Amino acid sequence: MIREYFRPTSVEEALLLLSEDGKERKPLGGGTSLSRQQAGQFGVVDLQDAGLDQIEMIGQGVAIGAMVRLEGLLANPLVNIEIKRAIRIDTGENIRNMATISGWLVSGDGRSLFSTALLALDATLTWEPDQQKVRIGDWLPLRNHSQPGVLMTEA
């Protein structure tokens, strides 16, 4: 059950809230899975205003902010057509309007075509602090046991 709510305006502020000693806080994106959790009490750090909702071309790749909603990926011309097809197969419109890329990856199961497509493209995830880069193929098998950082900021 959610007992605290924070809405930081920067990644730095979010990191401070998420890493505060003695506090159990979870990042909140679209809320499609976090809002269903009933066990225990925890705080949430709403990332809507933290500036993680951009999609941009970097070299030959596309950098997708962790707060980009799946519907935003469908609307963006930089996103691969096969990625868009996988998203349409995985989700309905209501979920696409709520779910963020990071939330989908963190809470999804092994049946996601979208996650599989990112795996096939050898996507890299960026985690804070320290902008740690982790290949999705290295992270997926271990995601339920440990995270490489406090907050995923980019895929």
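The model is predicted, so local features need pLDDT of at least 70 and side-chain atom pairs count only at pLDDT 80 or more, while totals for chains, interfaces and linings use all residues. Residues are numbered from 1 along each chain as its sequence is written, and side-chain values use heavy atoms, with hydrogens and water left out. Helices (H or I, at least four residues) and strands (E, at least two) are DSSP runs, numbered from the N terminus.

**The sheet**

- Three strands line up as β7-β6-β8 in an open, antiparallel sheet; two strands pair if DSSP finds at least two bridges between them.
- β7 (132-135) and β8 (151-154) each have a single partner strand, so one side of each is left without a neighbour in the sheet.
- From one strand to the next, the twist averages 40°.
- Strand β6 (residues 124-128) joins β7 through four antiparallel bridges, and W127 stands opposite Q132 in β7.

**Helix α1 on the sheet**

- Helix α1 (residues 11-18) packs on the sheet, where it touches β6 and β8, and its direction makes about 160° with that of β8. Contact means heavy atoms within 4.5 Å; axes are lines fitted to C-alpha atoms, for helices over the stretch in contact, and angles run from 0 to 180 degrees between N-to-C directions.
- V11, A14, L15, L17 and L18 are the buried residues of α1 (buried means under 20% relative accessible area, exposed over 50%, partly exposed in between, with a 1.4 Å probe and protein chains only).
- These residues fall within an arc of 165° seen down the axis, so they line one face of α1; the arc is that of the directions from the helix axis to the C-beta atoms.
- E12 and L16 are exposed on the face of α1 turned away from its buried side.
- The cover over the buried residues of α1 includes β1 (2-6), β2 (25-28), β3 (42-46), β6 and β8.

**Helices α3 and α6**

- The axes of α3 (residues 81-90) and α6 (residues 113-120) come within 7 Å and cross at roughly 155°.
- α3 and α6 are therefore roughly antiparallel to each other (over 145 degrees).
- I83, A86, I87, I89 and D90 in α3 meet L113, F114, A117 and L118 in α6.
- The buried residues of α3 are I83, K84, A86 and I87; they cover an arc of only 160° around the axis, which puts them on the same side of α3.
- I81 and I89 are exposed on the other side of α3.
- α2 (70-75), α4 (93-98) and α6 pack against the buried residues of α3.

Key:
Parallel < 35°, antiparallel > 145°, perpendicular 65-115°, else oblique.
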